[in-house]
Amino acid sequence: MIDGGHVPAINTAWAAWVDNNDPLPSGLPTEFAAYLRQVNRMPSWADPAKLARAADFNRRKDTYLFMLYGLGSGIMSTVIPREAKSVYWSAGGADMQDRAAKTFTFGYDLSQRGAFEPTGQFVVTANKTRVVHAAVRHLLPQSPHWKAVADETIPISAADILVTFHSLGTFVHRKLLDWKIPYPAADQEAFLHSWQVAVNLLGVPYEHIPRTWAEAEAQSARVLTPILTPSTEGIALAEELLGLTAQIDLGVTRGFLNEFVRYVLSDEVGDWLGLRRDYAAAALVRTVWPAFILFREGLSPVMPGTFYMFDQFIRALAMLFLNKGSSGTTTPITIPTGNRRG
Ligand code: HEM
């Protein structure tokens, strides 16, 4: 479709294709429409009760999820070399705010109530994402820049997608447990299930998807932890991402952001990315964040003085990525037609 020049028309045609039960847009190439008819549906093993609980869980824990996905997983992606190099050298790498907004669309649609139901939007968002990934698999091997730095011939394999899942779902799961946030077994199972369905919709075959969090943690220790390392592209992306969040400027300094990243990911990662130390902010994060959690969870009556700052910051972060600072709907996902040029 890229070689045939069909992509701009497809991007226009599928803009109005949003809800899971929307008919497929008209005017798609026949083979593409036939492909979408096959994959644009829930897997037979999906459990609606668990998915409903996952949506409810996502709502209840949204504050932590925003912080962990945004500043934890988002920055971790920059020390996953294959991902950093793909993202940097694809067309979207040139506009990180737009890209971050699109990735947020995925997380946002995934966490909405009824996301997987006919009136929800997640099945469509996941399928659009799968098509974007397919386009990238075709395009990046034509990029001289990417080819010069990549250690693979085709990017974004199912294995790569599982690695990214561990930087998102498995990472967040571990942090919620480490932070002793109330997180009953039924929530844990529901959260895992929503990710199982999500990665399957992104094309990962059922047999490779972890069945339990114990399996996920074991797989993550095997496939994610050992590959984390800095790269030129990753360092540049991290700098851009952290620069974006600094735009919000609600009294939250860059030093605070750097230290929050160090707190959730480790000093080793912070050093790799050259995140300047701010020891006052480090002390604040390490004492006030646990107190903020206790207070929010009703486990302590003492409200930290900086509660308001944290709350406003999280809200602003969400607004920046979802709406790019203006009001309106989420950023539509479109198929790229080229790579980043330099
Ligand atoms: C695009 C999510 C795995 C590289 C996207 C988009 C979403 C997304 C929502 C569309 C937004 C956009 O157009 O920028 C995910 C999720 C993953 C995953 C949820 C796994 C759970 C990966 C992996 C790689 C990757 C493993 C590379 C190794 C890319 C690239 C783009 C993209 C290069 C296109 C950027 C552009 O040029 O616009 N992904 N992704 N993704 N993803 Fe992924």
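Ser266 counts as partly exposed at 26% relative accessibility. In this report, a residue is buried under 20% relative accessible area, exposed over 50%, and partly exposed in between, as computed with a 1.4 Å probe on protein chains only. The structure is a predicted model, in which local features need pLDDT of at least 70 and side-chain atom pairs count only at pLDDT 80 or more, whereas totals for chains, interfaces and linings use all residues. Residues are numbered from 1 along each chain as its sequence is written, and side-chain values use heavy atoms, with hydrogens and water left out.

**Backbone and loops**

Ser266 is located in the loop between α13 (254–265) and α14 (267–272). Helices are DSSP runs of H or I with at least four residues, strands are runs of E with at least two, and both are numbered from the N terminus. The phi angle of Ser266 is near 120°, which is a positive value in a residue other than glycine. Most residues other than glycine have a negative phi. Lys180 also has a positive phi, of about 60°, although it is not a glycine. Lys180 belongs to the loop between α9 and α10, and at 66% relative accessibility it counts as exposed.

A further loop, between α1 (7–13) and α2 (30–39), contains Asp22. This residue, Asp22, is partly exposed at 22% relative accessibility. From C-alpha to C-alpha, Asp22 and Thr287 are 48 Å apart in space, and they are 265 residues apart in sequence.

**Aromatic rings**

A pair of aromatic rings is described by the distance of the centres and the angle of the planes. Rings of Phe, Tyr and Trp (its six-membered ring) pair if their centres lie within 6.5 Å; planes under 30 degrees apart count as stacked, over 60 as edge-to-face, and the rest as tilted. The structure holds 19 aromatic pairs. One of them joins Trp14 and Trp17 in a tilted arrangement, with 6.0 Å from centre to centre and 40° between the planes. Trp14 is buried, at a relative accessible area of 1%, and Trp17 is buried as well, at 2%.

Why is the pair of Trp179 and Trp289 edge-to-face? The centres of these two rings are 5.4 Å apart and the planes of Trp179 and Trp289 stand at 70°, so the pair falls in that class. Trp179 lies in the loop between α9 (158–178) and α10 (185–201), while Trp289 lies in helix α15 (residues 279–296), so the pair ties together parts that are 110 residues apart in sequence. Both Trp179 and Trp289 are buried.

Elsewhere, ring pairs link Phe57, Tyr69, Phe165, Tyr183, Phe191, Trp195 and Trp213 into a cluster. Ser194 is placed in helix α10 and, at 1% relative accessibility, counts as buried.

Charges may also sit over rings, which requires NZ of Lys or CZ of Arg to be within 6 Å of the ring centre and within 35 degrees of the ring normal. Arg211 lies over the face of Tyr206, 4.0 Å from the ring centre. The charged end of Arg340 sits over the ring of Tyr88, at 4.0 Å from its centre.

**The ligand and its surroundings**

Which residues are the closest to the ligand? They are Ser90, Gly92, Arg99, His133 and Thr164, among the 20 residues that surround the ligand; a residue is near a molecule or strand if one of its heavy atoms lies within 4 Å of it.

| Residue | Part of the residue | Distance |
|---|---|---|
| Ser90 | side chain | 3.1 Å |
| Ala91 | backbone | 3.5 Å |
| Gly92 | backbone | 2.8 Å |

The elements that give two or more residues to the shell around the ligand are α5 (81–89), α6 (96–111), α7 (122–139) and α9. Eight of the nine residues of α5 are buried, so this helix is largely enclosed by the rest of the structure. The buried residues of α5 include Glu83, Lys85 and Tyr88.

The iron atom of the ligand has a single donor from the protein: NE2 of His133, 2.1 Å away. Donors are N, O and S atoms within 2.8 Å of the metal (3.2 Å for Na, K and Ca), and sites may look incomplete because water is not among the atoms. His133 lies in helix α7.

Note on methods. A polar contact is a pair of N or O atoms within 3.5 Å; within protein, one must be able to donate a hydrogen and the other to accept it, and residues adjacent in sequence count only if both atoms are side-chain atoms.
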